[in-house]
Amino acid sequence: MNQKRLHLAIQKSGRLAERSLELVRKAGFRVNKSASDLAYSVENAPIDIWCVRDDDIPTFVANGVADLGIVGRNVLAERAAGGGDGVREIMPLGFGRCRLCIAGPERFEYRGPGSLNGLRIATTYPNLLTQFLSAAGVQAEIVTMSGAVEVAPRLKLADLICDLVSTGATLEANGLAAFETVMEGEATLVRSTRELDPDLERLLESLSSRFRGVCASQDAKYVMMNAPRSALPRIAEILPGAGAPTVLELAGRDDAVAVHAVCQESVFWETLEALKEAGASAILVLSIEKLM
Ligand code: PRP
Ligand code: ZN
């Protein structure tokens, strides 16, 4: 029996945890929780999933504990800014968007990076913050923490913090406000730069291609409508990210056709209104389950 298994590391709890598992499921992998809660095994493919702290994921992937990981680009960038290697981004995954921000008490008056001179800033991203400060020519003291950075100003451990902001709920709950963006982030799929066993490499490629399909179909829609033949050029212009649409005959009609297209970008009500204005009728927008 073949015992080789591919190891994927995902965040144990936090902003990316749920969506990471959802992505794995949508890609057609049936996951079973292991007894420990810290791992899942995939039933229909030789894949194991480790649930770990997001900050540890690049290190685990770099040193071979995991072959692949789903992690915020900010965490990856922090490792790279510290000179760490061994991890490579495969593709962005379109969820978990956030900003790495400098934030402080709501009453703090920020007038550009110069306002940071001489202050203490607590963060779990010391390398990215160092880069930002030196690019801005600012002298500030960095207090490196391993979590719960948002409490630092209240405990007088620091004047300000540099942390991830997604919904803003954490900042608000702690009476803090963001006033500077250091970098934008989102979840990305990363892999180890080491050479894998050929079977595992093939499996990794198939997993990435399925993930790519799930991400592409997220916003994609199948759009159908009837339209006057003369309106075709205008309709092709309006359809977002559609390429060349399929044009079909309508029985008994010479002047009108049916138009079908896969739109790779969101189809908004405004798009439908524009199509109608161009002469389209019976417009249908359908979700796409899979796309490759
Ligand atoms: C980040 C950050 C905040 C939270 C912000 O944590 O440290 O705690 O997300 O999100 P919000 O703006 O929606 O409130 P992360 O997911 O990296 O988990 P960790 O701190 O446990 O590593
Ligand atoms: Zn984190």
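One cavity of 30 Å³ or more turns up in this predicted model, where a cavity is a set of points, on a 1 Å grid over the protein atoms alone, at which a 1.4 Å probe fits but cannot get out. The largest cavity holds about 60 Å³ of space, a volume being the space filled by probe spheres set on points that are joined across faces, edges and corners. Its lining, meaning residues with an atom within 4 Å of a point, consists of Arg19, Glu22, Leu23, Lys26, Leu93, Phe95, Val214, Cys215 and Gln218. Helix 1 and helix 6 each give two or more residues to this lining, and helix 1 has the largest share, with four. By class there are five nonpolar, one polar and three charged residues; here Ala, Val, Leu, Ile, Met, Phe, Trp, Tyr, Cys and Pro count as nonpolar, Asp, Glu, Lys and Arg as charged, and the others, Gly among them, as polar.

A word on conventions before we go on. Residues are numbered from 1 along each chain as its sequence is written, and chains are lettered from A and ligands numbered from 1 in the order in which they are written. Because the model is predicted, local features need pLDDT of at least 70 and side-chain atom pairs count only at pLDDT 80 or more, while totals for chains, interfaces and linings use all residues; side-chain values use heavy atoms, with hydrogens and water left out.

Now follow those two helices to the sheet. Helices (H or I, at least four residues) and strands (E, at least two) are DSSP runs numbered from the N terminus, and two strands pair if DSSP finds at least two bridges between them. Seven strands make an open sheet in the order 2-3-4-1-5-12-6, with mixed pairing. Its edges are strand 2 (31-33) and strand 6 (87-92), each pairing on one side only. From one strand to the next the twist averages 30 degrees, with axes fitted as lines to C-alpha atoms, for helices over the stretch in contact, and angles running from 0 to 180 degrees between N-to-C directions.

Helix 1 (residues 17-26) lies across strands 1, 2, 3, 4 and 5, at about 145 degrees to strand 1; contact means heavy atoms within 4.5 Å. Helix 6 (residues 198-219) lies across strands 1, 4, 5, 6 and 12, at about 35 degrees to strand 6.

Strand 7 (residues 98-105) comes next. Seven of its eight residues are buried, so strand 7 is largely enclosed by the rest of the structure; buried means under 20% relative accessible area, exposed over 50%, and partly exposed in between (1.4 Å probe, protein chains only). Strand 7 pairs antiparallel with strand 11 (residues 176-185) over eight bridges, with leucine 100 opposite methionine 183. Five bridges join strand 7 to strand 10 (residues 160-165), again antiparallel.

Of its 25 lining residues, Gln11, Arg15, Asp54, Asp163 and Leu164 are the closest to the centre.

Methods. On a 1 Å grid over the protein atoms alone, a cavity is a set of points where a 1.4 Å probe fits but cannot get out, and a pocket is an open set with protein on both sides within 12 Å along at least five of seven lines; lining residues have an atom within 4 Å of a point.
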